[in-house]
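Please examine the sequence and the model shown below.

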Amino acid sequence: MKQQYKSYQQTVDIINENVQKYPELISVQSIGKTHENRDIVMATISLDVQNASSKPALLYTGTIHAREWIGNELGVAFIEYLLENQKTNPKVAKTLKYNTIYIVPCLNPDGYEYSRSHFSFWRKNRRDNGDGTFGVDLNRNFSIGYTKSKDTNSNVYSGPNPFSEPETTAIKNFVDNHENITLALDYHSQGNVFFPAHKFNHEAEINGTDLNTMCANMNYEIQKVTGRKYGIHRGKPPTKLISGSGREYYYSKGIIAAVVEVGTRNIPDFMKNMSESIDENIPALLKTFGEAQNYSKQAPLRPKNFHAKKLSSSTVSLSWNYDNNENTYFRIFRNTSNKESCNDANLICETYNTNFTDIQLNSSTTYYYYIRAVNDKSKIKSPFAPKLKAKTTLQSHEFSKMIFPNPKDVGYVSEKLEQTNFKHFGLNSLFIGINETKGISYGVMQFNLDKIPKDAIITDVQISLYPLNRVNAKIENYGEWSISFVDSSSVAELYDYNQINNAKILETLGQTIPSAKLTQGKWSHWDFNETEKEILSSQVKNGKVIFKIKGPTKLPAGRDSQMMMFDLGYGKFGGGLHYRPNIDIKYTVPGQECIIEASSVTSIYKNKQDATNLTCGFDENNDKVYGLMSFDLSTLPDPSKTIITDCYLEIKNKNSTKTKLDIRYNIEFVDVEDTSYESIQNRDRIEFIGYEVSRADLQKNKKHKFIFDHFSCLALEDTHKSKKEAKFLIKATASNIKKHYVSWHNKDNKNTLKLVVKYINRNKRYSNQVDNLKISTENNKVKLSWDNPKDSEFTGVYVVRNRFHIPSNPLDGDKIYAGNDTYTIDDFGNVNISKYYAVFTYDNVPNYSDASIIMHKSN
Ligand SMILES: [Zn+2]
């Protein structure tokens, strides 16, 4: 027996002693009696505790499952922490001033004592079922989704009917009578994971972002203490949801509720792991406690229709609606991965406006935006609007491909399951690590690279895997998971353990993920460095690449498993398309070069013109002489597909002068109608090209390159598109100088004047939308159908649904389909919920069209 853990009676005694010591902060009550006549004890903590019920509240419940001792231990620790720090810690003081916490450290006292004194793995309460068996799983005995079961001996026996048990009835009555409860946390072990509450369907919920953000903000605090990050598991179809749990009951009452699974064992080593768990959870609990008032009736309303109005390769323009925003401002947060925290570290804007443009972003990168309103007087915040996901567009020279493995090319091989390893491909999960039954297991993924051009210049690569479950990774802080390039010629058979075990490794990706950071329910991403990109480039030439995923290959004495499950996205228990491993490759292609000679040159003097020579300088009256050059761009390909990546104007001076005067020569990109001296003087300058050269430079070098910047390249593309000639003006600058002429070129010279344009062939945009978009309901599912565009650039359609607003970009909602069929069925959607569907089309870059929108109305 583990003496360090507090017994039920010690817990009650500690609470009672504290009531004596801090009567203004804590009170105690029994909310009911158990089968064995123990009191179910609740502590109420708030400043001026007599008025606790007038403040917004967090409900804490622990140890509803008897063997999950952390709940009781953490509950007591948090009570002591709040009381001892109320006078000295301003955050604790402020939180207790405006909020209340109700703590039931142990919701299952009978079971807990049975687990402590007799059978440590006991889970249920101690009801006498009358057939020789004992106990009901209290966390299956609530009413929401309650499922009746007959097997009274089962560990998850749900009881004769909902709320048949005194423990569940007690907490139900308390919650029903306390409308001030806005948040609820139910502490369990184990798994280091949050399970936010669900409604029993697979549609986004208005509180979904609040639930995930509450957990993510707790994670942020946990990580500061131990570096650990818990998983956040929510909304993953089609996993069966648990029935009759407390969390869902609280959520049904409008309470933001989550289960917190702490640690990697039900009853961990108290000194080491339990104290870590407590230390990391106390600041996390305090953070959530302080949020109680932001979900109360005093809180402002959440903003509506939070969407991306415009996307570019470096900006996202956000917009939202708010009915009455007097005294209300908005806080906007940005993250680069899902289910991350929203706090000052990623706060990007506070504004009274209802729009904001985020700038200096990376191209083709997914960003997650969050918004909440704040009352500028009370400082109370609103709940979050549903999060917005948006991907910046590609830069004009970039392409990207997200590649998924074929089902037969992704799976795992186990040391002890040689005969059946072929069955582990394209089905359910990847098991990676080591355990007693499977031995060492490696993940294997082969990606087909046919769609990447052989000469691609790879600029960015990310591999993503979805860690599904770490219940079998039973050891805290042990082992790491890594991905390696395998020499594909050393593997003839992906399903052969020995071949994978002995495969020649070309390189292990620099980034590995240690056990503590391998967070379930949250994507793991591996970003490639330069060396890794080079290796991938070499694999493009083979048309495929193979990766081996490796976890720990040894176990410490007495331990039986350190095995991580990743989703594979195929099969009955795979999460489908959304959770499939993938590689996202961003690349460009080598440019082509086009050399264009001048179609005409003109020297323009105040009172004469010379169409045979290109001269600039000053005449005898100190009036400027301009040299105008024109280039015909028609040798470049179709403007809608010409991306100019580099450009320069090369020019040679034929003479130079020996004066000591500081004379400089520059070139302007101009738009002029005619060559009259007046027009030239009143010209529209588009841009200077490169830097000026000095008189001294003309003596040193004859050849000069004027290099276009990005803006000038774009201006040249525009000129090409408008079928005009590109015109440049060379001129000298100096003060008070007469009769100075530099000659650059005449009509008969070859190769002294040229425009060198480097370009790639790539579609600039894609605008053909689908036709004939229709919506219907078949077999209780929404079906969409459409006609694809007929042009040769069309590559596919991308369908997304959103129940809150019209999807503003392909990532703004739940992805339903991507491909080139002409219909799709929304398998997981609920037909009883109204929603918008958007159908985008894309080309092979991909560029996305505007959306075709259709609405589904529920009956
Ligand atoms: Zn539990």
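**Cavities, metal site and backbone**

About 50 Å³ of space lies in the second largest cavity. A cavity here is a set of points, on a 1 Å grid over the protein atoms alone, where a 1.4 Å probe fits but cannot get out. Grid points are joined across faces, edges and corners, and a volume is the space filled by probe spheres set on the points. The model is predicted: local features need pLDDT of at least 70, side-chain atom pairs count only at pLDDT 80 or more, and totals for chains, interfaces and linings use all residues. Residues are numbered from 1 along each chain as its sequence is written, and side-chain values use heavy atoms, with hydrogens and water left out.

The lining of the second largest cavity consists of Tyr8, Thr11, Val12, Ile15, Val41, Asn72, Pro105 and Cys106, lining residues being those with an atom within 4 Å of a point. Helix H1 (residues 8-21) supplies the largest share of this lining, four residues. Helices (H or I, at least four residues) and strands (E, at least two) are DSSP runs, numbered from the N terminus. By residue type, the lining of the second largest cavity divides into six nonpolar, two polar and no charged residues. In this division Ala, Val, Leu, Ile, Met, Phe, Trp, Tyr, Cys and Pro count as nonpolar, Asp, Glu, Lys and Arg as charged, and the others, Gly among them, as polar.

The count of cavities of 30 Å³ or more comes to two. The largest cavity has a volume of about 70 Å³, and its lining is formed by Leu183, Asp210, Thr213, Met214, Asn217, Lys287, Thr288, Glu291, Tyr295 and Phe384. Helix H6 (208-226) and helix H8 (270-291) each contribute at least two residues to the lining of the largest cavity, and H6 gives the most, with four residues. This lining is made up of four nonpolar, three polar and three charged residues.

Attention now turns to the metal. The zinc ion is coordinated by His65 (ND1), Glu68 (OE), Glu68 (OE) and His188 (ND1), at 2.0 to 2.5 Å. Donors are N, O and S atoms within 2.8 Å of the metal (3.2 Å for Na, K and Ca); water is not among the atoms, so sites may look incomplete. Along the chain, the donors of the zinc ion follow the spacing H-x2-E-x119-H. Glu68 lies in the loop between strand E3 (57-62) and helix H2 (70-85), whereas His188 belongs to strand E5 (residues 181-188), so the pair ties together parts that are 120 residues apart in sequence. Both Glu68 and His188 are buried, where buried means under 20% relative accessible area, exposed over 50%, and partly exposed in between (1.4 Å probe, protein chains only). The angles among the four donor atoms run from 57 to 149°, and the site of the zinc ion is irregular. Four donors count as tetrahedral if all angles lie between 85 and 135 degrees; four count as square planar and six as octahedral if opposite donors are over 155 degrees apart and all others between 65 and 115; anything else is irregular.

The chain as a whole contains 13 helices and 48 strands. Its C-alpha atoms fill a box of roughly 115 × 70 × 55 Å, taken along the principal axes. Of the 859 residues in the chain, 57% are buried.

How many disulfides does the model contain? The count comes to zero, a disulfide being a pair of cysteine sulfur atoms within 2.5 Å. The sulfur of Cys342 is 12 Å from the closest cysteine sulfur, in Cys215, too far for a bond; Cys342 is buried, at 5% relative accessibility. For Cys594, the closest cysteine sulfur is in Cys647, 9.6 Å away and likewise too far for a bond. Cys594 is also buried, with a relative accessible area of 12%.

Some backbone features remain. The peptide bond from Ser189 to Gln190 is cis, with omega near 10°, and Gln190 lies in the loop between E5 and strand E6 (193-196). Another cis peptide bond joins Val845 and Pro846, with omega about 5°; Pro846 is in the loop between strand E47 (835-842) and strand E48 (852-856). Asn37, a residue other than glycine, has a positive phi near 70°. Asn37 is exposed, with a relative accessible area of 53%, and is found in the loop between strand E1 (26-33) and strand E2 (39-45).

Technical notes: 1 Å grid on protein atoms, 1.4 Å probe; cavity = no way out; pocket = protein on both sides within 12 Å on 5 of 7 lines; lining within 4 Å.
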